[in-house]
Amino acid sequence: MRRRSSFAFRAGLAITLFMVIMAVAAHFWTPHDPADMDITIRLQPPSLIHPFGTDHFGRDVFSIIMAGSRITLGVALAAVMIGLGIGVPLGLVAGAFHGRIADDAVLRANDLIFAFPALLTAILIAARFGPGAYTVIIAIGLFNIPVFARISRAASLPLWHRDFIRAAFLAGKGKGLISVEHILPNIAHLLIVQASIQFSLAILAEAGLSYIGLGVQPPAPSWGRLLADSQTMVSISPYPVVMAGLAIMLTVLGFNLLADGLKKRYIRTREVII
Amino acid sequence: MTMLAYLVRKAVFLAASLLMASLVVFALIEVIPGDPATYMLGINARADTLAALRAELGLDVSAPARYWHWISGMITGDFGISYTYRVPVLDIVIERLAVSVPLALYALVLAITMAFPAAMAAAHYQGSRGDRALLAITQFGIAVPNFWLAILLVYLFSLVLGWFSAGGFNGWSEGISAGMKALTLPAVALALPQAAILSRVMREALIDTMREDYIRTARAKGLTRFQALLYHGFRNALIPVLTILGMQFSFLLAGAIIIENVFFLPGLGRLVFQAIAQRDLILVESVVFLLMVAVMIVTFIVDIAYAFVDPRIRRSRA
């Protein structure tokens, strides 16, 4: 059992590292220009020059996927950062002032955001403010806030009764300083696991929004858009569709495996973290 | 806490969520970025057309007055008149619900029929090769984007094998079986990833309940391990599973936007999408709010259902 889980963890780590390296590399180099159209070589099967074939505009699918990883991972990273940056402080405040108005307000606001259907709200935001990377980041990031707020609050509550926190009080530290210096480092492992889960969810959401045309706009390369553009050609050449989908699935799988592995490594209790 | 107090508390939260949702939708559509009439008609619209639309939208009155007009209309069943279709929004919504609700239910039933038996078998034979296979397969199931799955299903089952049509829906007039057939591929595409999540949660919950004392008691009474799982473990495992089911139904109803687009199904999701593309804000505002209402009511029902499944919940959660 233990050996298998560590295999899954290593696989997750390998996939995510590969994707991150690909995204960084795409910043400097792709085999072809991902926006370069050449209709004479449209819908070609994989070859040495075009390892994943070409789409119906004659663009190199491998280059689009490489360049698309940059946007997908970038959007997901920014969305998770919004959740961490706003959600964690809110959760820490709620935990520090447990049972008081601040705690109550954070909890109620969390419940309200959770009550909204995420995809629908994201679509509404994207539609009203115009499609684009920033809209997608905000739409996805918004729903990450309550996730991180809830987990930071729940994880910090039991810590406030521990001896080392009492010692910190005796040392004259205030609740704010204790939250940053003592609570945060002790809940960081949970935040990392959750960040990995939210990362995979953000990738799926970004792909979905791009697929229906609300994500980054052409000519910016994107996995969801490549899928949407190529789907009518699937019977002539399935490669663009298959490769774009595989890229999404593999990345999501990688972050999920990473989260599972980290969870097993860090969290001994069987308590389910929401 | 009594059952009644629990119900009241949940009802108050439902009311607060609905109020919040209406305010957010109204603010997003009508208040934040400038003039909705200009947005709907584009910047090159003629002044008199613009004025006519403004009058139709009631933009000459203040935002609170407009909000009140909109929300009181929603309550009395007057959802406004669609700007592009020129028919009452309510009529379009009812027509589209005939696709979206059956699709969501179909997908949910498929997901449950796949997930429950698989999860029970995996929990019973925990650690076996089959259990590990289920865990591995479901990892892929969770990661697969459902719209990609949908495209692959269309490719395989309609373009290559020719068993199903590639999309579209001719209504229920041709009979239930024809309608169901048209909804099968979309339902499968929606159900498979959901089934993966559901079976993992169910398996985990079953394994947790199998450690409880009442299972030992049941075994001591002479039940086999599987009987104990079936009669006692299953019901208790339903609590976390219900949470997921509620979320999934909401997702299937509101989140079918993408799948309905892949299959060109005339459902609510596609309606929202088309309305956005046509800048028909009256339609978007009312339909999005209705979908949110539906999702929130489903959540409410699930909360109530918990309390019936597990009396501990209505007592413990203050």
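Me: How many residues does the contact take from chain A, and how many from chain B?
Reply: It takes 34 residues from chain A and 36 residues from chain B. Two residues are in contact if their C-beta atoms, placed from the backbone, lie within 7 Å. This is a predicted model: local features need pLDDT of at least 70 and side-chain atom pairs pLDDT 80 or more, while totals for chains, interfaces and linings use all residues. Residues are numbered from 1 along each chain as its sequence is written, chains are lettered from A and ligands numbered from 1 in the order in which they are written.

Me: Which helix of chain A gives the most to the side that touches chain B?
Reply: H9(A), with 8 residues. Helices here are DSSP runs (H or I, at least four residues; strands are E, at least two), numbered from the N terminus.

Me: What classes of residue are on that side of chain A?
Reply: 25 nonpolar, 5 polar and 4 charged. Ala, Val, Leu, Ile, Met, Phe, Trp, Tyr, Cys and Pro count as nonpolar, Asp, Glu, Lys and Arg as charged, and the others, Gly among them, as polar.

Me: How many helices and strands does chain A have?
Reply: 9 helices and 0 strands. Its C-alpha atoms fill a box of roughly 75 × 50 × 30 Å along the principal axes. Of its 274 residues, 50% count as buried. Buried means 20 or more other C-beta atoms within 10 Å of a residue's own, exposed 12 or fewer, partly exposed in between, with C-beta atoms placed from the backbone.

Me: A:Leu170, buried or exposed?
Reply: Exposed, because 8 other C-beta atoms lie within 10 Å. A:Leu170 is in helix H6 (residues 163-170) of chain A.

Me: Switching to chain B. At what angle do H5 and H8 cross?
Reply: Roughly 35°, and the axes of H5(B) (residues 89-124) and H8(B) (residues 176-209) come within 6 Å. Axes are lines fitted to C-alpha atoms, for helices over the stretch in contact; angles run from 0 to 180 degrees between N-to-C directions. The residues of this contact divide into 25 nonpolar, 2 polar and 1 charged.

Me: And H4(B), how many of its 14 residues are buried?
Reply: The count is 1, so H4(B) is hardly covered. Just after H4(B), B:Gly77 takes a positive phi of about 90°.

Me: Which domains does chain B get?
Reply: Domain 1 (3-75) and domain 2 (96-277). The bounds come from an automatic or database domain assignment. Their centres, taken over C-alpha atoms, are separated by 35 Å.
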